[in-house]
Amino acid sequence: MKLSKIADFVIEYSFYLLFFFVPIIWLPMTSELFEFNKFILLLLLTIVIVAAWLIKILSERELKLKKTFLDIPIALFLLANILSTIFSLDPHTSIWGYYGRWNAGLLSIFAYILLYYALVNNTSKKQIYYYLGTLFISTLVISIYAILQHPNPLFTEKVAGERVWHGIDYKYWAVDVENRVFSTFGQPNWLAAFLAMMILPLLSLLFIF
């Protein structure tokens, strides 16, 4: 049981790391600064979580799988992707995803499905609230960074004798980040999609606490 508890600890805190750091992380030393690094971190944490889950199963000598209403849709979706990969004109891209990003391929789909079932089968209701809280903090950091990318009085310079407002990192990017901010996502549409996706889950915290 001690080994099982260690596995539970690893799973729980790996999910904390995933929910907090995956939306935030980007690295300037890679050719694809944003999505590639997020997916690599997600993939590494998936390996850790699934390995800990397997250790828990072996230590308890019992495999418990909770049924969810998404089981059949997920199975059909996975089957469709496996078949499309088998008959793909470019199997490499179908497996590994878009080159330079490693996302939207069969590998990433497997990772997301494994994470879903690891979460469902190793998480209590109380932990879900904590995960939402972690996501809230991560989203807050991302939102503050996006706001600071807009011209603001904290970052100014004198131009022709007049003080001009700038964003926090306007000199760093080749694109016009001040008018189309992208925070830690590298693309305004991806930032907007993430924030839109977070609205309802984070609003639910207002009715919980």
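Where is the place of phenylalanine 77? Phenylalanine 77 sits in helix 3, which covers residues 71–86. Before I go on: what we have here is a predicted model.

Let me stay with phenylalanine 77 for a moment. Is this residue buried, partly exposed or exposed? Its relative accessibility is 48%, so it counts as partly exposed. To be called exposed, a residue has to be over 50%. There is also a distance to give. Phenylalanine 77 and asparagine 103 are 26 residues apart along the chain, and their C-alpha atoms are separated by 16 Å.

Next, helix 1 and its contacts. Helix 1 runs over residues 2–24, and helix 6 over residues 125–149. Their axes come within 8 Å and cross at roughly 20°. Angles under 35 degrees count as roughly parallel, and that makes helix 1 roughly parallel to helix 6. The crossing of these two helices is right-handed.

Which residues make the contact? On helix 1 they are Ile11, Glu12, Phe15, Tyr16, Phe19, Phe20, Pro23 and Ile24. On the helix 6 side they include Tyr130, Tyr131, Leu135, Val141 and Ile142. By class, the contact of helix 1 with helix 6 has 13 nonpolar residues, 3 polar and 1 charged.

Helix 1 also meets helix 5, residues 106–122. Here the axes come within 11 Å and cross at roughly 125°. That makes helix 1 oblique to helix 5. The handedness of this crossing is left-handed. From helix 1, the residues are Asp8, Ile11, Phe15 and Leu18; from helix 5, they are Leu115, Ala118, Leu119 and Asn122. This contact divides into 6 nonpolar, 1 polar and 1 charged residues.

Now the aromatic residues. How many aromatic pairs does a search of the whole structure find? The search finds 18. A pair of aromatic rings is described by the distance of the centres and the angle of the planes. Take phenylalanine 34 and phenylalanine 182. Their ring centres are 6.0 Å apart and their planes stand at 75°, so this pair is edge-to-face. The cut-off for edge-to-face is over 60 degrees.

This pair links distant parts of the chain, 148 residues apart. Phenylalanine 34 is in the loop between helix 1 and helix 2, and phenylalanine 182 is in the loop between strand 2 and helix 7. Phenylalanine 34 has a relative accessible area of 8%, so it is buried. Phenylalanine 182 is buried as well, at 4%.

Phenylalanine 182 has another partner, tryptophan 173. That pair is edge-to-face too, with 5.1 Å centre to centre and 80° between the planes. Tryptophan 173 is buried, as is phenylalanine 182.

Last item, backbone angles. Arginine 61 is not a glycine, yet its phi is positive, about 55°. Arginine 61 lies in the loop between helix 2 and helix 3. Serine 183 also has a positive phi, near 50°, and is found in the loop between strand 2 and helix 7.

Serine 183, at 0%, counts as buried.

Technical notes. Residues numbered from 1 in each chain as written. Predicted model: local features only at pLDDT ≥ 70, side-chain atom pairs only at ≥ 80, totals over all residues. Heavy atoms only, no water. Axes fitted to C-alpha atoms, helices over the stretch in contact; angles between N-to-C directions. Helix = DSSP H or I, 4+ residues; strand = E, 2+ residues; numbered from the N terminus. Parallel < 35°, antiparallel > 145°, perpendicular 65-115°, else oblique. Left-handed = near helix turned anticlockwise from the far one by under 90°. Contact = heavy atoms within 4.5 Å. Nonpolar A, V, L, I, M, F, W, Y, C, P; charged D, E, K, R; others polar. Phe/Tyr/Trp six-rings, centres within 6.5 Å; stacked < 30°, edge-to-face > 60°. Buried < 20%, exposed > 50% of the residue type's maximum accessible area, 1.4 Å probe, protein only.
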